[in-house]
Amino acid sequence: MIYYRKTGQIKAMTFDLDDTLYDNYPYIIRAEHALIEFLGSFADDPAHSHADYWRRHKHTTLQQKPNLHSDMGLLRREVLTSGLRAFGHSGSALKDAVDQAFDFFYFERSNFQVGEDVTRILGELGERWPLVAITNGNVNLKQIGIADYFQESFHASLTFPMKPSSAMFDAAQQLLNLPSESILHVGDNLEKDVLGAKKAGFMSAWYADNRSMNLQNEDVTVLPDIQLQHLSELCSL
């Protein structure tokens with residue numbers, strides 16, 4: 001553990017999820033590939049459903065509705081609607097197809113279990129402090145086996161813009177009813193998590209599950225209070 005500045009008394013912790021508690025990349029890639037194949041069943045020719053096709057629809061959707069950058073669920077639903085409409089679907093058939101594809105993806109996206117070493121750590125921490133999840137994604141905490149460790153989870157949306165916006169941090173602070181400076185946020189991204197936490201008045205701990213942690217390889221705008229070598233070091237605070 002490396003301290004970059006002195007920390008105060010910790011009374012609660014908030015956690016990023018993707019790439020902090022698990023390496024998200026293989027799960028999201030697997031889910032994206034499965035979705036593209038699934039969507040082929042709605043086309044006259046399954047080969048019409050390919051990555052470039054859906055990438056174009058996503059690009060167009062974000063050009064038309066840039067605010068959807070902060071809501072991955074709404075963005076995906078809009079992209080599915082656009083692409084499936086172009087396949088020739090309309091009316092109730094279009095809505096049913098979008099609903100099926102949306103549900104398929106979010107099941108596949110959360111079709112894994114967080115490791116027992118991580119859940120053990122969350123269990124130990126939860127006995128000492130209240131825990132809240134703050135994520136720019138929308139993984140299903142219950143499906144991946146960690147919902148019971150958190151008092152609440154906040155997902156980025158139009159109401160709660162993505163980190164580093166302070167919106168979700170502020171919501172967590174209000175829920176916990178604790179001073180911001182007594183809450184430690186743990187996350188992998190030095191901008192979204194560390195800078196976001198500092199802007200909201202939280203303490204910050206940097207930990208990445210998906211890569212070696214070398215500041216020389218990161219875009220650094222602000223140092224965390226703490227750099228962890230392993231998530232279990234939180235138990236010694």
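Modeller: Let us start with Asn 177, which sits in the loop between α6 and β5 (183-187), where helices (H or I, at least four residues) and strands (E, at least two) are DSSP runs numbered from the N terminus. This is a predicted model, in which local features need pLDDT of at least 70 and side-chain atom pairs count only at pLDDT 80 or more, while totals for chains, interfaces and linings use all residues. Residues are numbered from 1 along each chain as its sequence is written, and side-chain values use heavy atoms, with hydrogens and water left out.

Biologist: Is Asn 177 buried or exposed?

Modeller: The cut-offs for relative accessible area are under 20% for buried and over 50% for exposed, with partly exposed in between (1.4 Å probe, protein chains only). Because its relative accessibility is 66%, Asn 177 counts as exposed.

Biologist: What is the phi of Asn 177?

Modeller: Most residues other than glycine have a negative phi. Asn 177 is not a glycine, yet its phi is positive, with a value near 55°.

Biologist: Asp 19 also has a positive phi; is this residue buried or exposed?

Modeller: Asp 19, whose phi is about 70° although it is not a glycine, is placed in the loop between β2 (12-15) and α1 (25-39). Since its relative accessibility is 18%, Asp 19 counts as buried.

Biologist: With which side chain does the side chain of His 57 make a polar contact?

Modeller: His 57 belongs to helix α2 (residues 51-64), and it counts as buried because its relative accessibility is 14%. A polar contact is a pair of N or O atoms within 3.5 Å; within protein, one must be able to donate a hydrogen and the other to accept it, and residues adjacent in sequence count only if both atoms are side-chain atoms. At 2.6 Å, the partner of the His 57 side chain is the side chain of Ser 82.

Biologist: How far apart in space are Met 1 and His 230?

Modeller: Met 1 lies in the segment before β1 (2-3), and its contacts (heavy atoms within 4.5 Å), leaving aside neighbours within four places in sequence, include Gln 229 and Glu 233. Although 229 residues separate Met 1 and His 230 in sequence, their C-alpha to C-alpha distance is 7.9 Å.
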